[in-house]
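Please consult the sequence and structure shown here.

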Amino acid sequence: MARPSVQVTVNITNQLTQKILIVHCRSKDDDLGAHAVAVGESIHWSFRDNFFGGTHFWCKLAVEDKRISFAAYEAYFEIFTKWVVCDDGVYGQPDGHPSFLEAGWRRP
C-alpha cells in the first residue's frame, strides 16, 4: 500500500567563494531549467512526493570549468533536502546531524 503524498522542499545554497553557481535540476516529469545562484543565495522548489512512481530529482551544478551531478532527492531512500555548495563540493545538511560531503567537483 502506498503512503499518502507529502509536501517536500529541496534547498540548494551557494557558499562558494565569490562565484556564481549554475544549478539545473530535473525529475522524470519536471525540468526546472538552469538558474544562476549568487554567493549566499539559495534556490528551492517544492513538490508532492509520488510514492507510486518514486520521485527522484537529479541536479547538475557548474562553476567555471567544474561540474557536479548528484541526487538531490530520492523518494525511496532516506535522503536529505538541504544542500550547501562549497569550494570543495556539495554537502548534505541533515537536521540535527553534521554535514557530509556528497560529491566533489570534477573537471569535464
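How many bridges join strand β8 to β9, and do the two run parallel or antiparallel? Strand β8 (residues 89-92) is joined to β9 by 4 bridges, and the two run antiparallel. The model is predicted: local features need pLDDT of at least 70, side-chain atom pairs count only at pLDDT 80 or more, and totals for chains, interfaces and linings use all residues. Residues are numbered from 1 along each chain as its sequence is written, and side-chain values use heavy atoms, with hydrogens and water left out.

**The sheet**
- An open sheet of mixed pairing is formed by 5 strands in the order β4-β1-β7-β8-β9.
- β4 (42-48) and β9 (100-104) each have a single partner strand and stand at the edges, so one side of each lacks a neighbour in the sheet.
- Strands are DSSP runs of E with at least two residues, numbered from the N terminus, and two strands pair if DSSP finds at least two bridges between them.
- Gly92 has Phe100 in β9 as its bridge partner.

**Asn14**
- Strand β1 (residues 7-14) contains Asn14.
- Asn14 is buried, at a relative accessible area of 0%; buried means under 20%, with a 1.4 Å probe and protein chains only.
- A polar atom of the Asn14 side chain lies 2.8 Å from the backbone nitrogen of Leu16.
- The backbone oxygen of Val37 also lies 2.8 Å from a polar atom of the Asn14 side chain.
- Beyond its neighbours within four places in sequence, Asn14 is in contact (heavy atoms within 4.5 Å) with residues including Lys19, Ile20, Val39 and Val85.

Note on methods
Buried < 20%, exposed > 50% of the residue type's maximum accessible area, 1.4 Å probe, protein only. Polar contact = N/O pair within 3.5 Å; in protein donor to acceptor, adjacent residues only side chain to side chain.
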